[in-house]
Amino acid sequence: MNREVRAAGLIIFRRATSGVEYLLLQSSRKERHWTPPKGHVDPGENELQAAFRETEEEAGLQEEDIGVIEGFESVLKYTVNNRPKTVVYWAAELKNTTAPVVLSDEHVDFRWAGLAEACALAAFPEMVSSLQKCDTFLQDYLS
């Protein structure tokens, strides 16, 4: 039996004059897909710890730069290389607006994008759905 792959990440947003913008990172792998920062859960850590660690590794944003928003969690389940994968995302606001995004070698580009552009970049239906759910949640949260 194939063991489930567990991963976690943060849907990081910032408030802009045009509205909410989401941080997406472009993978350096051949598919070049765009996702929020995320990665595998290491032994001994929980999903939220993994999400913060991966965000710092992949985007250079530290835990004190961002704040997780209570009440939003999105769980994606899909299969990768014939193994079931579960990814948990939380919404997190960029609190330190001067913190630079510093990419690791896992990514080649990043973009702050409004919902429509973020969904077009993300492409995968599960990720698009998570971004849309997050945006709907934030409309109430930020009003």
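**Helix packing and overall form**

Trainee: In which sense does α2 pass α3, right-handed or left-handed?
Mentor: The model considered here is predicted. In it, α2 passes α3 in a crossing that is right-handed.

Trainee: Which residues of α2 and α3 make the contact?
Mentor: From α3, the contributors are Met127, Val128, Leu131, Gln132 and Asp135. On the side of α2, the contact is made by Leu115, Ala118, Cys119 and Ala122.

Trainee: How do the residues of this contact divide into nonpolar, polar and charged?
Mentor: The contact of α2 with α3 includes one charged and one polar residue. The remaining group in this division is nonpolar, and its count is seven.

Trainee: Is α2 roughly parallel or antiparallel to α3?
Mentor: Helix α2 covers residues 115-122 and helix α3 covers residues 125-142. Their axes come within 8 Å and cross at roughly 160°. Angles over 145 degrees count as roughly antiparallel. Therefore α2 stands to α3 as roughly antiparallel.

Trainee: What pattern does the protein follow along the sequence?
Mentor: The protein contains three helices and seven strands. Read along the sequence, they give the pattern β-β-β-β-α-β-β-β-α-α.

Trainee: What radius of gyration does the protein have, and why does it agree with a compact globule?
Mentor: The C-alpha trace spans about 50 × 30 × 25 Å along its principal axes. For 143 residues, a compact globule would have a radius of gyration near 15 Å. The protein agrees with this, because its own value is 14 Å.

Trainee: Which feature does UniProt place at residues 3-135?
Mentor: This span is 24% helix and 45% strand, and its end C-alpha atoms lie 32 Å apart. The unreviewed UniProt entry gives residues 3-135 as "domain: Nudix hydrolase".

Conventions. Residues are numbered from 1 along each chain as its sequence is written. This is a predicted model: local features need pLDDT of at least 70, side-chain atom pairs count only at pLDDT 80 or more; totals for chains, interfaces and linings use all residues. Side-chain values use heavy atoms; hydrogens and water are left out. UniProt positions are given in the numbering used here, feature names are shortened, and annotations may be inferred rather than shown by experiment. Helices (H or I, at least four residues) and strands (E, at least two) are DSSP runs, numbered from the N terminus. Axes are lines fitted to C-alpha atoms, for helices over the stretch in contact, and angles run from 0 to 180 degrees between N-to-C directions. Angles under 35 degrees count as roughly parallel, over 145 as roughly antiparallel, 65 to 115 as roughly perpendicular and the rest as oblique. A crossing is left-handed if the near helix is turned anticlockwise from the far one by less than a right angle, and right-handed if clockwise. Contact means heavy atoms within 4.5 Å. Ala, Val, Leu, Ile, Met, Phe, Trp, Tyr, Cys and Pro count as nonpolar, Asp, Glu, Lys and Arg as charged, and the others, Gly among them, as polar. The radius of gyration is taken over C-alpha atoms; the globule rule is 2.2 Å times the number of residues to the power 0.38.
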